[in-house]
Amino acid sequence: MSPMRKTAGTPGEPSPGLGFGIGPDAGFGAGPDAGFGAGPGGRHRFVVVASRLPVDRTEGPDGELDWRPSPGGLVSALEPVMREARGVWIGWSGDAGPAPGPMVCMGLDLVGLGLSAEQVRDYYEGFCNATLWPLYHDVIAPPEFHRRWWDAYVTVNRSFAQAAVDQAAPGATIWVHDYQLQLVPQMVREQRGDVRIGFFNHIPFPGYEIFAQLPWRRQVVNGLLGADLLGFQRRADATNFLRACRRAAGLATRGATVRAGDRQVRAAAFPISIDTDALEQIAQRDTVRKRAAEIRLALDEPDTVLLGIDRLDYTKGIPHRLRAYGELLREGRLGPRVVLVQVASPSRERVGAYRVLRDEVELAVSRINGEHAEVGSAPVHYLHQSYPREEMAALYLAADVMLVTSLRDGMNLVAKEYVACRYDESGALVLSEFTGAADELSGAFLVNPHDIEGLKDAVVRAATISPAEARRRMRLMRKRVREHDVAYWAESFLGTLARAPDSGPLEVLELPL
Ligand code: GDG
């Protein structure tokens, strides 16, 4: 934890994809001809643009405000190349207020942008979290469309783009992340023909019938097309995007390539992953293994521990999971000595749909406990809190069955984290087919979370699996997350970007479908 120069605020929610996994050496290599290096005039040859900085504002004991690293998979994957290239990370600090400006943390150059209270409301809570998030997750919640929110989205994207333009050396590589910044590639491109721009979308890209609802669909497609390479989690997301190019912007596509004026833009799947080694090492620590045993003891040594770990988000299918579990208890199909531990980390609490969800989940938990608890024991342990990563690893180790029942999820890193922690090859994963992870983790029990009977059957099968069968399935999944970790992901993306746009056929990652 390195003290830093700047001040103010509170830690935010675990940022998507930044919430877990550290490691000083993620084994990163940018590809043979990436050619990164510090640029002239203090500018940078590698620029990461993400909605959040990899640090949280904290308050010291005397009320002084400071910054604390919030290490995550993305940071650990990019750290070596950031260091080597004197790269810079541009992002928002997570609070309303003036820009914290440039700073150095863990030896990394960071540029903090500021959002006003109105921008937090209209851009972040509004357009990002109440328009794009539900729209891109197949309208699980109804998206709201407000012109004022769109205007804020354009303004904030412009300030991120300007910061990237200011930081980038001639010929730099700029990597823009996620749905909050879809206009940045084009905004940078307008000013800088010399840079290489990559964009990675962490969440799904919806089918055209859904995307078409967006009043600004053409602007979003054109914004993204400022990039040379667009990365998506699943092949289906890339296909959906290519279709949006044809339908919303009338552009021609050929294979994975879109012709945008005189430029060629490529769109392909690069499934994100975790820092597998670092996480496995945490899980193997004596302290963590001891803690896992303590957790089981505190739960009164149940026969079966089921676990859910999610941001409290309506995309994660927590109510569906609780419904299935409640019915299984009523039917007695899991036996008397079963416990569900549900971590629901606080998330986006100022957005209406999230407050409604919290009430719904807490009502469902109380109903189940009200019906089935006995004095001194409860069938659901509900934890609306965030935990350090060692505690998360201990929870993964303590669980016999991991439940991931998302209704829609770009990837779902929790599923991969569970697998990474199960170094003794025990445990079972129940995994929604609507996650990106379902394309890769073939040893999971795949479920449609809307099919409550099917979900119940899968939970029972996972809970009663033989040790040999569990080992066979877990081995398959562990091989996948070991070979395709976050370093592999970053390397594939940046390597492909380095070869864009004038090289031969695009390398699309092979997935075992
Ligand atoms: C988005 C996409 C995609 C959660 N609670 C705590 C905590 N976490 C960590 C988990 C995991 C991360 O947060 C959550 O990642 P997910 O992938 O499961 O989901 P999103 O937050 O929705 O992420 C998703 C991802 O971006 C990456 O591209 O996979 O589909 O929606 O790492 O471990 N970490 C700690 N304490 C907690 O209480 N330390």
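Author: This is a predicted model, and the pair to start with is helix α8 (residues 276-284) and helix α9 (residues 286-298), whose axes are 5 Å apart and cross at an angle of about 65°. On the α8 side the contact is made by Ile282, Ala283 and Gln284. The residues of α9 that they meet are Asp286, Val288 and Arg289. Sorted by class, this contact holds 3 nonpolar residues, 1 polar residue and 2 charged residues.

Next comes the sheet. Its 6 strands follow the order β15-β14-β13-β16-β17-β18, with parallel pairing, and the sheet is open. From one strand to the next the twist averages 20°. As background, strands of a sheet pair through backbone hydrogen bonds, in either a parallel or an antiparallel way.

One of these pairings can be followed down to residues. Strand β14 (residues 338-345) runs parallel to β15 and is joined to β15 by 4 bridges. To find one place in this pairing, look for Val343, whose bridge partner in β15 is Leu383.

Helix α14 (residues 452-463) lies across β13 (304-311), β16 (401-404), β17 (428-432) and β18. Relative to β18, α14 runs at about 170°.

The ligand is the last stop. There are 25 residues around the ligand, and those that come nearest are His202, Ser345, Tyr387, Asp409 and Glu417. The shell is made up of 11 nonpolar, 9 polar and 5 charged residues.

For Gln233 the distance is 3.1 Å. For Arg311 it is 2.8 Å. For Glu417, a polar side-chain atom and an oxygen atom of the ligand are 2.5 Å apart. On its own, the ligand has 730 Å² of accessible area, of which the protein covers 96%. The elements that contribute two or more residues to the shell are α12 (389-398) and α13 (413-421).

Notes
Residues are numbered from 1 along each chain as its sequence is written. This is a predicted model: local features need pLDDT of at least 70, side-chain atom pairs count only at pLDDT 80 or more; totals for chains, interfaces and linings use all residues. Side-chain values use heavy atoms; hydrogens and water are left out. A residue is near a molecule or strand if one of its heavy atoms lies within 4 Å of it. A polar contact is a pair of N or O atoms within 3.5 Å; within protein, one must be able to donate a hydrogen and the other to accept it, and residues adjacent in sequence count only if both atoms are side-chain atoms. Accessible areas come from the Shrake-Rupley method with a 1.4 Å probe; for residues, only the protein chains shown count as cover. Ala, Val, Leu, Ile, Met, Phe, Trp, Tyr, Cys and Pro count as nonpolar, Asp, Glu, Lys and Arg as charged, and the others, Gly among them, as polar. Two strands pair if DSSP finds at least two bridges between them. Axes are lines fitted to C-alpha atoms, for helices over the stretch in contact, and angles run from 0 to 180 degrees between N-to-C directions. Contact means heavy atoms within 4.5 Å.
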